[in-house]
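Thanks for asking me to look this over. Here are my notes, in numbered points, to read with the model open beside you.

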Amino acid sequence: MNIENFGASERLVNAAYVRQGAQGRRAHELRLRALLEQGKCPEDGWDESTIELFLHELAIMDSNNFLGNCGVGEREGRVASGMVARRHYRLIHGIGRSGDISAVQPKAAGSSLLNKLTNSVVLDIIKLAGVRTATNCFVVPMATGMSLTLCFLTLRHKRPKAKYIIWPRIDQKSCFKSMITAGFEPVVIENVLEGDELRTDVKALEAKIQDLGAENVLCVHSTTSCFAPRVPDRLEELAVICSNYDIPHIVNNAYGVQSSKCMHLIQQGARVGRIDAFIQSLDKNFMVPVGGAIIAGFSDSFIQDISKMYPGRASASPSLDVLITLLSLGESGYRQLLKERKEMFSYLSGQLRKLAEVYNERLLNTPHNPISLAMSLENLDKHSDMAVTQLGSMLFTRQVSGARVVPLGSLQTVNNYTFKGFMSHTNSYPCAYLNAASAIGMKKQDVDLFLKRLDKCMKTFRKEKSNRKDVPEMDNCTKHTSVGETEY
């Protein structure tokens with residue numbers, strides 16, 4: 001209520017009580033004012049009543065919620081189900097206009113304000129996470145793969161002769177298909193094995209640029225977050241090469257916001273060379289439903305060009321989800337999640353190493369990967385031809401999600417491209433292995449239950465090998481509850 005309404009209320013209720021109520025309302029409004037003025041994530045998270053008040057205030061600014069609205073067009077925010085309307089807080093118009101996903105809608109001031117605020121708050125979090133010189137970003141209602149495609153299509157207009165995208169290999173289908181869908185020819189650069197790690201072959205990449213001709217290369221498409229034993233690309237070296245050859249550089253940072261190391265690599269790459277845009281998933285980094293991503297960069301004009309490439313209006317759901325989440329957490333809450341994730345990575349690493357030693361396996365040494373771990377399955381692979389894939393099936397049926405086993409020699413064809421050793425990021429990795437990751441939101445009980453179930457599965461193979469003689473229970477890895485999620 002405004003001042004006049006509070007004043008009128010004093011005729012019905014004791015004035016002292018009304019003033020007290022007005023002061024309570026004022027506390028909510030001060031939070032809203034700070035958000036509108038600063039455009040930053042609040043330091044401390046908001047309570048749900050403040051967030052719901054804010055969303056209600058935004059919704060009544062949209063024309064479909066005007067009391068006397070008379071809509072005679074084809075898109076007037078009509079919703080048949082009240083449940084659907086409530087699910088979206090009656091913010092029905094979506095975001096953007098036909099020519100720009102970041103444009104303001106005349107009929108939807110509240111939804112437009114939601115869009116602008118979300119992009120501003122998300123940029124603040126990206127800076128907090130480590131990319132401090134990022135200048136612009138926007139939330140797009142597509143997952144990472146299609147968001148990469150949008151970036152490549154934008155570059156097409158800037159480099160009309162280019163038909164190749166140079167791509168250090170990472171065995172994940174959507175980032176590969178993003179290049180195919182955009183109409184370009186991926187040029188795969190095989191990784192090099194350094195110890196247990198698979199790293200970027202910088203010399204081969206530069207030689208391929210020289211061979212193809214820089215003018216024929218649309219961009220270099222690199223990766224930060226990835227499954228071990230592959231580690232983040234050498235972004236600094238790649239950024240320098242892109243700068244020297246005047247080639248755009250797009251970084252797939254799918255779940256890298258939660259890693260200070262991945263964000264530091266992007267910051268350093270932009271400092272010493274060229275990074276045009278980096279793309280990250282909303283669900284993987286902010287624990288919201290699948291369906292959104294953030295496209296960010298260091299040039300306002302290029303990020304605006306990408307937003308203008310998106311055809312038509314867009315769903316506001318991903319923007320609404322991430323804004324609600326960040327207002328609930330606040331900067332302090334998100335920092336705490338990042339801190340806990342690092343702690344869980346150390347705990348998972350130590351416990352998985354202990355379990356590996358019990359079964360004469362080892363935790364692969366991948367110090368440059370800050371999120372994913374890999375445990376060798378060499379002895380299990382010797383057990384039988386199908387033992388490794390059987391282990392994966394056993395874990396899945398025991399409700400362990402996110403962990404994956406990688407056998408030797410798998411072949412996979414993606415859009416007529418055949419990859420040898422698919423899922424291992426190289427044609428012939430030395431051993432089969434199992435992946436597990438410490439992602440944001442993971443708890444100690446998730447690690448403990450995963451290790452307990454993995455231990456039981458590994459015991460099954462040992463019992464078979466020793467004519468089903470009993471094997472003593474492990475001391476270190478058999479306690480607690482719940483399951484971690486690391487799907488990419």
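1. Let me start with one residue. Thr-149 sits in helix H6, which covers residues 144-158. Please keep in mind that this is a predicted model.

2. Is Thr-149 buried or exposed? With a relative accessible area of 3%, Thr-149 is buried, because buried means under 20%. Which residues does Thr-149 touch, once its neighbours within four places in sequence are left aside? Its contacts are then Ser-178, Thr-181 and Ala-182.

3. Next, a helix pair. Helix H5 (residues 109-129) and helix H13 (residues 317-358) have axes that come within 10 Å and cross at roughly 20°. H5 is therefore roughly parallel to H13, since angles under 35 degrees count that way. The handedness of the crossing of H5 and H13 is left-handed.

4. The side of H5 in this contact is made up of Leu-114, Asn-115, Thr-118, Val-121, Val-122, Asp-124, Ile-125 and Leu-128. Their partners in H13 are Ser-319, Leu-320, Val-322, Leu-323, Leu-326, Glu-331, Tyr-334, Arg-335 and Leu-338. By class, the residues of the contact of H5 with H13 divide into 11 nonpolar, 3 polar and 3 charged.

5. H13 also packs with helix H3 (residues 48-59), at an angle of about 145° and with the axes 10 Å apart. Here the crossing is right-handed. From H3, the residues Ile-51, Phe-54 and Leu-55 meet Leu-320, Leu-323, Ile-324, Leu-327 and Ser-328 of H13. The contact of H3 with H13 has 7 nonpolar residues, 1 polar residue and no charged ones.

6. Last, the cysteines. How many disulfides does the structure hold? The count is 0. A disulfide is a covalent bond between the sulfur atoms of two cysteines.

7. Cys-219 has 0% relative accessibility and counts as buried, whereas Cys-70 is exposed, with a relative accessible area of 66%.

Terms used
Residues numbered from 1 in each chain as written. Predicted model: local features only at pLDDT ≥ 70, side-chain atom pairs only at ≥ 80, totals over all residues. Heavy atoms only, no water. Disulfide = S-S within 2.5 Å. Buried < 20%, exposed > 50% of the residue type's maximum accessible area, 1.4 Å probe, protein only. Axes fitted to C-alpha atoms, helices over the stretch in contact; angles between N-to-C directions. Helix = DSSP H or I, 4+ residues; strand = E, 2+ residues; numbered from the N terminus. Parallel < 35°, antiparallel > 145°, perpendicular 65-115°, else oblique. Left-handed = near helix turned anticlockwise from the far one by under 90°. Contact = heavy atoms within 4.5 Å. Nonpolar A, V, L, I, M, F, W, Y, C, P; charged D, E, K, R; others polar.
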